[in-house]
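Good morning, and thank you for making time for this item.

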Amino acid sequence: MKALITGAANGLGRAMTDQLLEAGHEVWAVDRDTDALDDLAIKSRGSCRVVLADLANPSSIQRLLRDVKDVKFDLVVLNAGISATGRFEEIPGAAYEKLIAINLTAPLVVASQLMRQNNMAPKSQIVFISSLSHAVGYPGASVYAATKDALAIYAKSVRKPFKKRGVGVTAVFPGPIRTEHAERYSPKDAKANKRMLPEDMAKLILKAASKGKKELYAGKGAGAAKFFGKLAPNMMSKMMRKVIFDKLDSNTY
Amino acid sequence: MARRELKSRNVLITGATDGLGLELAKAYASRGHRVVATGRQLLSNDLDFFGSPNISYIRADQSEPEAAARAIAQAMEKFQWQSLDLAILNAATGWTGHAADETPEQISDQITINLTAPVLISKAIAPLLFAAKGQLVMIGSTAAKGQSQFATYAATKAGLEGFVRSLREEWRTRAHVQIIHPGPTRTKMHAKAGLKTGFVRMFFMPTKRAVRAIQRSIRNRDGKRVLSKTYGWSSIFSSAKEGEL
């Protein structure tokens, strides 16, 4: 099997990459972190194809699409993402532009162009990594929440048209994971042991993708969050404000 | 009419040269409110175009979000507005077709104009909104629930809804943030986005009615409001030619 993973060098993306490589699959690992990509290339003893790309840069995305032009992928995981947390009005506009470019524009462009270029093998799967914030809201990261909601609805919108061309779409809504990303953007007193291990999350996502599942809510309390988020959306975002926004003492972007 | 309508207020409306934005600008101006209307066109004469001295037009092309936000903030400074009572962020663009046929430019244009620009404009007007404890209103779309014919457009509108949901909590004590999702309306939006609507246009909500429903939702300070529930069979008794290109 051939897989393409964005944001593959660290965190959840790295865990998925490692597991696929271990199972003997061919992985195209896309990231902007050169050190981590080197590490990936060395540890996989050259079996992983590392691709340096900055998904905030449209011409870098175009180069990536040219590089993979003749490859047929069985699995594409659009996982790369950043955040910006703090008081909405205090974070610089440029940080929001970058956040939207990486979290939203890049996955939409990559997914649609891989379809257009005929890069997807028959019965292949595209996985969009949204967030549990889709169910509960995310005061203190309203633009991050916007990109993840947009991603969820894009996945839902293209599911039928892509299916007609033989490509399945999975939307994943992960709860907190124990990665550097989560560490960086969470309130200081947040407990790391309440977050799921990236390896466990990776396993669940790859399993859902191989089964062609439409949606996956995963992580501690994800099921309950989805249920109450739909039942009482305002109450849930109020609660999120208390547990996150009110505790953020600095802006991180 | 509610009592607070008597006072003249400061209103910002984006995308006000056409469709819902234009009708909203005229409606607020006719009640004596001061309106700053934005669009990307170059207008030779604001008064001729809008027919009201209460409307000041400024050019703010949302395909350049930073510049658009700056232009809006500067205009308010020029007019010496100390506060902003109501901002309706309505400007949007669309594209329809198979999601695999959408070009990177079409995708990024829609995201920039429909999502990035409202985010940066909200940030730019935040101090004036806080000063009035004002109202920030996003115009979404019923497509925000997902639409296979215009996937990116639907995504940008869902993005706005997610933005509003979280920001409303953040700003709870400082300003009211809400989203209104109009259903299909008889504006030129569909033609501009390349969608042929055909006879179903009969069932679209007349623009004037949509505008009244939007104003009602603003008066009620709804959190989220979906307009399509308020239209239906009665639409067929009015002219479906409205807004056709």
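What follows treats a sheet, a crossover, a pocket and the cavities in turn.

This is a predicted model, in which local features need pLDDT of at least 70 and side-chain atom pairs count only at pLDDT 80 or more, while totals for chains, interfaces and linings use all residues. Residues are numbered from 1 along each chain as its sequence is written, chains are lettered from A and ligands numbered from 1 in the order in which they are written, and side-chain values use heavy atoms, with hydrogens and water left out.

Let me begin with chain B. Its open sheet has seven strands in the order 3-2-1-4-5-6-7, with parallel pairing. Helices (H or I, at least four residues) and strands (E, at least two) are DSSP runs numbered from the N terminus, and two strands pair if DSSP finds at least two bridges between them. Why is one side of strand 3 and of strand 7 of chain B left without a neighbour in the sheet? Strand 3 (55–59) and strand 7 (224–226) stand at the edges, so each has a single partner strand. Neighbouring strands of this sheet are turned by 15° against each other on average, direction ignored; axes are lines fitted to C-alpha atoms, for helices over the stretch in contact, and angles run from 0 to 180 degrees between N-to-C directions.

Strand 1 (residues 10–13) and strand 4 (residues 86–89) of chain B run parallel and are joined by three bridges. In this pairing, B:V11 stands opposite B:L86. Two helices deserve mention here. Helix 4 (residues 104–132) of chain B packs on the sheet, touching strand 1, strand 4 and strand 5 (135–139), and its direction makes about 165° with that of strand 5; contact means heavy atoms within 4.5 Å. Helix 7 (residues 207–219) of chain B also packs on the sheet, touching strands 4, 5, 6 (176–181) and 7, with about 155° between its direction and that of strand 6.

In chain A, four bridges join strand 2 (residues 26–31) to strand 3 (residues 49–52), which run parallel. The bridge partner of A:V30 is A:V51. From strand 2 the chain crosses through helix 2 (residues 34–43) to strand 3 in a right-handed β-α-β crossover: with the strands pointing away from the viewer, the path from the first strand over the helix to the second runs clockwise.

I turn now to the spaces. On a 1 Å grid over the protein atoms alone, a cavity is a set of points where a 1.4 Å probe fits but cannot get out, and a pocket is an open set with protein on both sides within 12 Å along at least five of seven lines; lining residues have an atom within 4 Å of a point. Grid points are joined across faces, edges and corners, and a volume is the space filled by probe spheres set on the points.

The second largest pocket has a volume of about 1200 Å³. Of its 49 lining residues, the closest to its centre are B:A92, B:Y153, B:T187, B:M189 and B:H190. Helix 4 of chain B gives the most to this lining, with four residues.

How many cavities of 30 Å³ or more are there? The count comes to two. The largest holds about 70 Å³ of space, and helix 4 (93–116) of chain A gives the most to its lining, with five residues. The second largest cavity has a volume of about 30 Å³, and its lining includes A:F88, A:Y96 and B:E170.
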